[in-house]
Amino acid sequence: MSLGVAATRTTNPLLLALLISASAYVVATHRSPAPWARSYTAFARLALAVLLVRVLFAVALGSPIPGTHILLTLPEVPLPHWAQGIRLGGRVTAEAVVFAAYDGLKLATLLICVGAANALASPTRLLKSLPGALYETGVAVVVALTFAPHLVADVQRLRAARRLRGRPDRGVRGLLQVGLPVLEGALERSVALAAAMEARGYGRTAEVPARVRRTTAALTLGGLLGVCAGTYGLLTAAGGSYGLPVLLAGVGAALTGLRLGGRRSPRTRYRPDPWGARAWLVTGSGAAVAALLTLASVRDPRALHPGVVPLVAPTLPLWPAVAVLLALLPAFVVPREPS
């Protein structure tokens with residue numbers, strides 16, 4: 001996730017390619033055979049689609065970037081006066097296409113880094129680390145993750161049984177004939193699980209004064225709004241002055257609210273997941289890449305944001321590139337999952 005933050009600090013395609021390569025190498029060497037690890041390919045395809053759509057929009061709808069290198073001229077569709085500033089067709093310049101490609105590649109790199117996080121992070125370990133205030137949410141997600149394989153297995157079993165009997169397993173009729181027994185089995189398992197959880201005391205909460213509950217809700221909601229506003233400020237050029245303070249204040253308020261909310265769910269942790277030296281190295285390597293690229297974007301903005309007017313080839317800045325290579329550290333300090 002820190003690599004995704006680093007990707008938002010630059011539009012240099014060479015640095016973005018380094019970020020993609022680093023995350024892809026860590027995923028290739030440490031991806032487990034678990035089902036969630038297959039999401040990386042889907043995110044990579046989505047990133048490619050986003051890049052293509054961004055370039056196509058620049059070609060079809062035009063771009064505010066001025067340019068002199070005309071690639072082609074499309075038939076222009078006249079628009080009414082209230083649509084000023086928007087055009088369909090017209091001249092397509094190399095500067096506009098390159099600018100759109102840089103911008104789309106930044107978003108594509110962010111999506112690929114998020115896909116790497118989804119492919120490498122175990123949902124069960126993440127759920128074990130949830131704070132007490134999110135206890136109910138964690139239980140619901142655990143139940144969903146547990147029941148999902150059963151639903152898939154039921155669908156496959158029923159479709160195979162219908163094929164053996166010579167009955168259709170596709171189309172609307174096949175969907176109804178397969179979906180109803182699957183839904184019935186899921187409801188039976190849900191009722192049995194709910195009874196078992198009720199017998200074991202799940203869902204019980206402690207008595208908390210109304211004042212504490214209101215304070216918790218205000219801090220959590222205000223903190224989340226602050227995180228959204230601060231993140232938006234960091235991603236825009238105009239919000240660079242207020243983005244980081246608002247983000248830090250939002251994170252602090254949200255953490256305080258979650259800590260207060262944890263009083264409603266007193267519980268013990270079964271086999272808590274330790275946070276060791278390797279975890280600190282992995283986290284520190286990503287945070288170092290994000291911090292160094294943020295610093296580079298302030299000290300040398302031209303190197304991290306190559307210009308397109310005039311159209312020049314991007315260059316690879318040395319020390320930001322070396323900083324990106326720190327993202328390879330997890331591939332060497334964390335032992336590989338057994339195949």
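**Close-up views of a predicted model**

UniProt, in an unreviewed entry, places the feature "transmembrane region" at residues 40-61, 133-153, 217-235, 241-258, 279-298 and 318-335; UniProt positions follow the numbering used here, feature names are shortened, and annotations may be inferred rather than shown by experiment. This is a predicted model, in which local features need pLDDT of at least 70, side-chain atom pairs count only at pLDDT 80 or more, and totals for chains, interfaces and linings use all residues. Residues are numbered from 1 along each chain as its sequence is written, and side-chain values use heavy atoms, with hydrogens and water left out.

**View 1. Two of the UniProt spans, residues 40-61 and 318-335.** Residues 40-61 are 100% helix and 0% strand, with end C-alpha atoms 31 Å apart. Residues 318-335 are 61% helix and 0% strand, and their end C-alpha atoms are 30 Å apart. Helices (H or I, at least four residues) and strands (E, at least two) are DSSP runs, numbered from the N terminus.

**View 2. Helix H3 (residues 39-61) packs with helix H4 (residues 94-120).** The angle is about 165 degrees and the axes are 8 Å apart; axes are lines fitted to C-alpha atoms, for helices over the stretch in contact, and angles run from 0 to 180 degrees between N-to-C directions. H3 and H4 are therefore roughly antiparallel (angles over 145 degrees). Their crossing is right-handed (the near helix is turned clockwise from the far one by less than a right angle). The contact residues divide into 23 nonpolar, four polar and two charged. Ala, Val, Leu, Ile, Met, Phe, Trp, Tyr, Cys and Pro count as nonpolar, Asp, Glu, Lys and Arg as charged, and the others, Gly among them, as polar.

**View 3. H2 also packs with H4.** Here the angle is about 15 degrees, with axes 10 Å apart. H2 and H4 are therefore roughly parallel (angles under 35 degrees), and their crossing is left-handed (anticlockwise instead).

**View 4. The cis peptide bond between Val309 and Pro310.** Omega is about 0 degrees. Pro310 sits in the loop between helix H11 (301-304) and helix H12 (318-324).

How values were computed. Parallel < 35°, antiparallel > 145°, perpendicular 65-115°, else oblique.
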